[in-house]
Amino acid sequence: MNKFLFALGVSALSPLVLAKPTIVTSIKPVSMVVAAIAGDHAEIQQIVSSTASPHDFAMRPSDLRKINNADTVVWVGESLENFLEKPLKNAGKEQSSIEWLALEGMSLHNFAEEAHDDEGEDHEGHEEHEGHNHDGVDPHVWLSPDNARVLAKAVAARLVSLDAENATYYEGNLATFEKGLTAKDAEIRQALSKVSTVPYIVFHDGYSYFEQHYGLSHSGEITVSPERKPGAKKVAEIRREIEEHKVQCVFSEPQFSPAIVEILLEGSSVKTAPLDPLGGNVAMGKNAYFSFLDNLSGQFLSCLG
């Protein structure tokens with residue numbers, strides 16, 4: 001009978017013993033890096049759906065519950081996801097969250113600096129930001145493999161502190177991720193070097209990390225609001241830019257209507273293709289971030305090659 005009671009006690013406790021850490025992520029690119037380290041030893045709950053844009057996202061009660069119950073929240077930062085600031089504060093999760101933009105060792109680009117940097121020079125480490133003052137910083141940090149490496153290390157350290165029993169597992173995943181990232185980065189750099197001088201226009205100015213890392217020739221962007229069609233003056237201006245720079249491709253984005261791009265290219269032979277900065281179609285898993293880099297480089301190559 002004692003053995004039976006002991007068995008009952010163990011089975012009642014086992015869900016607590018075996019409970020996985022719960023990591024809440026803001027957007028899919030964050031989830032990709034977390035998944036590489038967490039594997040199947042942690043539960044990942046993403047707030048912004050893979051088809052939505054974080055720029056105009058509104059929190060739901062279910063999202064607030066996720067934050068309240070999270071062991072750690074991993075997000076990019078307030079300049080991209082300001083909808084998270086108040087909920088994190090209210091839930092007392094500010095200090096325990098991982099804010100990608102605020103991590104030590106990040107290489108950040110400033111929108112104002114990039115706007116007049118026509119030489120495409122390398123800004124590696126030109127400006128390191130810590131704390132929570134990111135005015136004017138381009139928040140699309142997941143487009144830099146170097147910045148992904150910084151987040152992966154921070155996630156591994158946090159998971160080790162939450163789940164010390166599986167420390168070797170998380171550290172092994174980090175080592176695998178870093179090795180795989182080095183190989184994938186070299187492979188993509190070689191492929192994109194063939195189109196590095198081909199001029200193109202992007203939907204919005206959100207690719208500087210990827211472009212500077214791989215030395216691509218960004219000639220401009222469509223800077224109108226996604227919801228509005230550009231006026232005649234704006235269309236004429238971009239068309240002039242296309243002719244002057246001999247632009248080969250104008251990229252659209254799947255999160256927004258491609259109607260603007262269609263208007264711009266009406267009657268022109270310039271190619272167009274979608275660029276997905278959020279990896280909407282990438283299957284989640286330990287290799288998701290590598291697949292994301294493959295997809296994005298493939299999208300550039302398909303239109304510029």
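Let's start with helix α6 (residues 145-162), whose 18 residues reach 26 Å from first C-alpha to last, close to the 26 Å expected at 1.5 Å a residue. That expected span is 1.5 Å times one less than the number of residues, and helices here are DSSP runs (H or I, at least four residues; strands are E, at least two), numbered from the N terminus. The buried residues of α6 include P145, N147, V150, L151 and L159; buried means under 20% relative accessible area, with exposed over 50% and partly exposed in between (1.4 Å probe, protein chains only).

A word on the source: this is a predicted model, in which local features need pLDDT of at least 70, side-chain atom pairs count only at pLDDT 80 or more, and totals for chains, interfaces and linings use all residues. Residues are numbered from 1 along each chain as its sequence is written, and side-chain values use heavy atoms, leaving out hydrogens and water.

Now to the aromatic rings. The whole structure holds 10 aromatic pairs. Rings of Phe, Tyr and Trp (its six-membered ring) pair if their centres lie within 6.5 Å; planes under 30 degrees apart are stacked, over 60 edge-to-face and the rest tilted. Here are two of the pairs:

| Pair | Type | Centre to centre | Between planes |
|---|---|---|---|
| F210 and F300 | stacked | 5.4 Å | 10 degrees |
| F251 and F300 | edge-to-face | 5.1 Å | 65 degrees |

F210 sits in helix α8 (residues 208-214) and F300 in helix α11 (residues 288-304), so their pair ties together parts 90 residues apart in sequence. F251, in strand β7 (residues 249-252), is 49 residues from F300. Both F210 and F300 are buried, and F251 counts as buried at 0% relative accessibility.
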